[in-house]
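Please look first at the overall fold of the chain, and then at the places where its parts meet. The paragraphs below follow that order.

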Amino acid sequence: MTPLATVLWILNLTCVTAGHLSLKAGATAVATDGPALQRWRATVKEFWVWIGVSAFAAEFLLWLAFLSLGPLSLAGLGGSIDSLAVSVGGRIAFGETLTLRRAGCISLIALGVALVGWG
């Protein structure tokens, strides 16, 4: 991978992780009782939801730029690392459980990406 592709990949990974974590923060900040329409309106007004939407918009543009620099097979593998970043981020930000089985599966994904993409 070229240095530019590496930078775009890291920025993409950062944006996709921030997007997932922000949307989770926004979705959990809204009370779950009351009518569904009222919950949706409150969710749409939530600050973190808009941070998440913005992060995914930036991620989309970065992904397009990243795809233009190399083969799709490698880009797809690099994109699968987001499961690792989002899982670790969920653990840190929300205290979500990272079971041994889940950690093992994520590690296998990361190892597969390393072996196939950069081997």
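Helices (H or I, at least four residues) and strands (E, at least two) are DSSP runs, numbered from the N terminus. From the N terminus on, the elements of this chain read α-α-α-α-α-α, and the secondary structure comes to 6 helices and 0 strands. The model is predicted: local features need pLDDT of at least 70 and side-chain atom pairs count only at pLDDT 80 or more, while totals for chains, interfaces and linings use all residues. Residues are numbered from 1 along each chain as its sequence is written, and side-chain values use heavy atoms, with hydrogens and water left out.

Consider the chain as a whole. Taken along the principal axes, its C-alpha atoms fill a box of roughly 55 × 35 × 20 Å. Of the 119 residues, 25% count as buried; here buried means under 20% relative accessible area, exposed means over 50%, and partly exposed lies in between (1.4 Å probe, protein chains only). A contact means heavy atoms within 4.5 Å. Among the contacts with a separation of 6 or more, 70% are accounted for by residues 24 or more positions apart.

The packing of the helices comes next. Axes are lines fitted to C-alpha atoms, for helices over the stretch in contact, and angles run from 0 to 180 degrees between N-to-C directions. Angles under 35 degrees count as roughly parallel, over 145 as roughly antiparallel, 65 to 115 as roughly perpendicular and the rest as oblique. The axes of helix H1 (residues 3-29) and helix H3 (residues 47-67) come within 7 Å and cross at roughly 155°, which makes H1 roughly antiparallel to H3. H1 passes H3 in a left-handed crossing; a crossing is left-handed if the near helix is turned anticlockwise from the far one by less than a right angle, and right-handed if clockwise. The contact of H1 with H3 has 21 nonpolar, 6 polar and 1 charged residues. In this classification, Ala, Val, Leu, Ile, Met, Phe, Trp, Tyr, Cys and Pro count as nonpolar, Asp, Glu, Lys and Arg as charged, and the others, Gly among them, as polar.

H1 also packs against helix H5 (residues 82-94), at an angle of about 40° and with the axes 9 Å apart. H1 and H5 are therefore oblique to each other, and H1 passes H5 in a right-handed crossing. On the side of H1, the residues that meet H5 include Leu13, Val16, His20 and Lys24, and their partners in H5 include Asp82, Ala85, Val86 and Phe94. By class, this contact of H1 with H5 divides into 7 nonpolar, 4 polar and 2 charged residues.

H3 has a further partner in helix H4 (residues 72-79), where the two pack at an angle of about 145° with their axes 10 Å apart. Trp63, Phe66 and Leu67 in H3 meet Leu72, Ala75, Gly76 and Gly79 in H4. The residues of this contact of H3 with H4 are 5 nonpolar, 2 polar and no charged. Leaving aside neighbours within four places in sequence, Ala75 is in contact with Trp63, Phe66 and Leu67.

Which residues form the largest nonpolar core? A nonpolar core is a set of buried Ala, Val, Leu, Ile, Met, Phe, Trp, Tyr and Cys residues joined through side-chain atoms within 4.5 Å. The largest one has 11 residues: Ala5, Leu8, Trp9, Leu13, Cys15, Val16, Leu62, Phe66, Ala75, Ile81 and Val113. The elements that give two or more residues to this core are H1 and H3, and the largest share, 6 residues, comes from H1. In soluble globular proteins, nonpolar side chains tend to be buried together.

Some single residues complete the picture. Thr43 has its place in helix H2 (residues 36-45) and is buried, with a relative accessible area of 18%. Not counting residues up to four places away in sequence, Thr43 touches Val30 and Val49. Val44 also lies in H2, but Val44 is partly exposed, at 43% relative accessible area. The C-alpha atoms of Val44 and Gly26, 18 residues apart along the chain, are separated by 8.7 Å. Gly112 lies in helix H6 (residues 100-117) and counts as partly exposed because its relative accessibility is 28%. Between the C-alpha atoms of Gly112 and Leu77, 35 residues apart along the chain, the separation is 8.4 Å.
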